[in-house]
Amino acid sequence: MKKIFSILSILLLTFLIVACGASDEEATPNDNNSPSEDTTSNGATENEQEKDSTEVSGTTVKSENQEYSITILDGYELTAEEPNKDLLFNKENDVQSMRIEVYNASEVNMADITNNLVEILKASTSEGKVDEITEANLIPSGKLLEDVKAYEAEGTENKVYGYTFLQDGLGVRLTIFDTNESPTLEDFVKMAETIKID
């Protein structure tokens with residue numbers, strides 16, 4: 001009896017895995033529905049290339065907690081953490097997460113928001129050392145992003161990063177928690193570039 005149950009369980013799991021894979025393959029052509037985007041990138045102007053670099057293929061999700069939307073890559077989930085704070089986390093390792101706070105840019109002083117972020121990062125390490133990030137692939141970019149500040153807290157077992165920027169009428173503060181073993185910071189940066197006001 002146990003053998004029959006084990007065999008049925010294995011067959012059911014195999015069927016589910018195959019079914020999930022089939023739906024992903026069916027969804028892939030819909031995500032890239034215009035082949036002209038690939039052909040135009042060779043002769044695109046700098047503005048078009050910059051726009052293309054911020055496009056992320058994923059699911060656009062509206063925050064239930066704040067007035068913005070974000071495009072989320074597969075394997076990540078957005079949830080309300082506290083009032084005016086959301087958490088975007090890796091489903092496979094929830095230690096890897098990004099806290100998202102958005103403000104009406106005309107109602108806040110971004111210098112104060114940035115200074116507060118640096119203090120939070122200092123408190124997250126035993127050494128209290130925070131460095132500015134200079135690697136371009138670790139800094140959100142795009143034609144709508146302005147006044148981007150990027151920091152890394154050193155001396156932690158896991159990495160902690162902080163970002164502030166203006167985008168589409170929003171002041172944005174991000175705190176990203178990542179691991180040393182399999183870092184996902186670049187994914188979080190790509191998704192951060194898609195934040196826009198609703």
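Start your tour by selecting helix α5 (185–192). The buried residues of α5 pack against strands β2, β3, β4 (85–90), β5, β8 and β9. Keep in mind as you look around that this is a predicted model.

**Stop 1: one side of a helix**

Which residues of α5 are buried? Show the side chains of L185, F188, V189, M191 and A192, and you have them. Now look down the helix axis: these residues lie on the same side of α5, because they cover an arc of only 165 degrees around that axis.

**Stop 2: the largest core**

Next, select I70, L88, M98, I100, Y163, L174 and I195. Within the largest nonpolar core, which has 29 residues, these seven touch the most other members. Colour the elements that each supply at least two residues of this core: β2 (68–72), β3 (76–82), β5 (93–104), β7, β8, β9 (170–178) and α5. Your helix from the first stop, α5, gives the largest share, 5 residues. In soluble globular proteins, nonpolar side chains tend to be buried together.

**Stop 3: the surroundings of L174**

Zoom in on L174. What does L174 touch, leaving aside residues up to four places away in sequence? Its contacts are M98, R99, I100, L117, Y161, G162, Y163, F165, A192 and I195.

Then look for a second, separate core of 7 residues, which includes V118, L121, Y151 and A153.

**Stop 4: strands side by side**

Select β6 (residues 130–132) and β7 (residues 145–153). These two strands run antiparallel and are joined by 3 bridges. Find D131, and opposite this residue you will see E152 in β7.

How many bridges link β7 and β8? There are 7, and this pairing is antiparallel too. Go back to E152: Y161 in β8 stands opposite this residue.

**Stop 5: two aspartates with positive phi**

Stay in strand β7 and select D147. Its phi is near 50 degrees, a positive value in a residue other than glycine. Is D147 buried or partly exposed? D147 is partly exposed, with a relative accessible area of 44%.

Finally, move to the loop between β8 and β9 and pick D168. D168 is not a glycine, yet its phi is positive, near 55 degrees. This residue is partly exposed as well, with a relative accessible area of 33%.

Definitions and conventions. Residues are numbered from 1 along each chain as its sequence is written. This is a predicted model: local features need pLDDT of at least 70, side-chain atom pairs count only at pLDDT 80 or more; totals for chains, interfaces and linings use all residues. Side-chain values use heavy atoms; hydrogens and water are left out. Two strands pair if DSSP finds at least two bridges between them. Helices (H or I, at least four residues) and strands (E, at least two) are DSSP runs, numbered from the N terminus. A nonpolar core is a set of buried Ala, Val, Leu, Ile, Met, Phe, Trp, Tyr and Cys residues joined through side-chain atoms within 4.5 Å. Buried means under 20% relative accessible area, exposed over 50%, partly exposed in between (1.4 Å probe, protein chains only). Contact means heavy atoms within 4.5 Å. The arc is that of the directions from the helix axis to the C-beta atoms.
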